[in-house]
Amino acid sequence: MHRARTSLLLASTLAAAVVAALVPPAVAQEASPSPSATASPAASPTASATATVGLRLTASVPTVLAGENVVLSGRATGPAGMPLAGEQLDVVSRTGGTTVSTVIGRVTTDADGVAALTWKPRTSSEYLLRRAVDPATSSDRRVVQVQPRLSGTIAPASVVVGSAATLRGALAPAYLGSRLQVQRRLADGSWRGVAMIGTDGAGVYSYRLVATSAGRQVYRVVLGVRQAYLGAASAPVALTVLADPTLRQGASGAAVRTLENLLLRQKGDVGRVDGVFDADLRHALTAFQKSQGLSRTGVYDVATRRRLSAPTAVRLRYPAAGRAVEIDLTKQVLYLSQGGVLQRVVDISSGNDQNYVSEGVTYKAFTPVGRFSIQRKIDGIRVSRLGELYRPAYFVQGWAIHGSPSVPTYPASHGCIRVTNSSQDRLFPLLTVSTPVSVYRS
């Protein structure tokens with residue numbers, strides 16, 4: 001008999017332990033009254049009221065897109081399921097993957113015992129209601145998943161082989177430390193990761209793509225699933241990569257027109273924008289190559305294309321309040337500016353520093369360096385002992401900026417600044433008397 005009582009007592013103890021393990025901590029605490037409450041139930045009206053209060057929570061949606069609202073609705077009932085009005089309830093949130101709970105709001109029930117909180121969640125979270133006067137009384141739990149937004153664009157959308165495009169976009173919300181995978185779509189429709197990138201404090205990302213082969217390429221950016229948020233992917237964006245055509249004088253078409261417009265943005269003296277690679281465009285391209293320290297080929301090659309997509313800004317040495325001219329003898333270019341802002345880059349050829357003989361006298365073909373200004377102009381052709389000068393604008397003694405049928409990529413004149421005749425036609429009206437002219441070596 002003693003052994004049977006012992007076994008029965010042990011079984012009762014184990015059953016009580018299992019129940020205690022399954023009950024949430026708050027409920028378990030409520031089910032274990034203090035010694036004074038056990039001795040005198042009537043002395044604990046709060047405990048009695050708690051036993052008759054029921055809380056129920058519902059969420060308007062199980063999944064919400066980042067930036068949109070979810071409505072968390074609760075209902076409080078008393079004895080016999082009667083609604084409890086005027087009950088203050090705390091809405092509690094716990095982010096997925098964490099153990100810390102936070103009160104995100106307090107609501108008060110209406111005459112029907114109902115209260116609601118409109119909430120814009122940033123993370124996937126678990127929610128519950130809790131009585132303000134008795135936190136041990138809580139509702140069931142509801143989980144709302146957050147679907148982040150992930151955008152993506154690519155620019156330019158069309159490039160040639162060897163050029164670059166930039167894939168950029170933003171993640172919202174801007175989760176700190178998020179890692180995104182850049183993916184490229186394969187021929188079979190599957191996706192292959194090509195890089196892992198991060199976002200800045202505002203959730204913005206940027207990734208530079210270098211086109212190595214011709215064809216249509218499709219990319220997207222993917223955010224992996226975490227406990228605090230669902231996964232996301234940007235919409236696929238396409239990059240068209242064209243074969244690498246080398247453009248030179250004589251070419252025509254859309255690619256040439258694109259080149260003309262690109263050089264215009266860099267203040268190139270391209271002449272007419274007509275999709276024809278003429279002498280004006282060749283000299284404008286050569287002037288760009290000179291100003292950027294590239295080979296002076298006058299051909300639109302890979303190196304020039306890459307630099308034209310990310311050029312080094314021209315810095316004027318002598319910016320002026322009005323119109324001004326700067327001539328860089330090292331780079332063999334002329335810069336025309338207005339109010340300290342670059343307006344035009346012109347191809348030139350200056351003095352070659354070689355000796356020459358004229359009328360039995362030996363001279364040196366040099367271009368003077370210094371600060372000068374336009375002194376006089378001739379709107380026509382001046383025939384000098386050294387040749388013809390087309391529409392010359394003199395800036396010091398006999399040295400002038402003038403048009404010439406020969407403007408090579410190197411210094412070749414007797415000292416004047418040669419530009420093409422068509423360039424001089426465009427420059428001449430702007431080279432007014434007293435316009436500052438600064439000549440230097442960089």
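Let's start with a word we'll need: a residue is buried if its relative accessible area is under 20%, exposed if over 50%, and partly exposed in between, using a 1.4 Å probe and protein chains only. The model here is predicted, so local features need pLDDT of at least 70 and side-chain atom pairs count only at pLDDT 80 or more, while totals for chains, interfaces and linings use all residues. Residues are numbered from 1 along each chain as its sequence is written, and side-chain values use heavy atoms, with hydrogens and water left out.

Now find helix α6, residues 279–292. (Helices are DSSP runs of H or I with at least four residues, strands are runs of E with at least two, and both are numbered from the N terminus.) Twelve of the 14 residues of α6 are buried, so the rest of the structure largely encloses this helix. Among the buried ones are Leu281, Leu285 and Phe288. What do the buried residues of α6 pack against? Their partners include α5 (254–265), α7 (302–309) and β20 (333–338), where contact means heavy atoms within 4.5 Å.

Five strands make an open sheet with mixed pairing, in the order β21-β20-β19-β30-β24; two strands pair if DSSP finds at least two bridges between them. β21 and β24 (370–373) are at the edges with a single partner strand each, so one side of each has no neighbour in the sheet. Further in, β19 (323–328) and β30 (436–440) pair in the parallel sense over four bridges.

Notes: Expected span 1.5 Å × (residues − 1).
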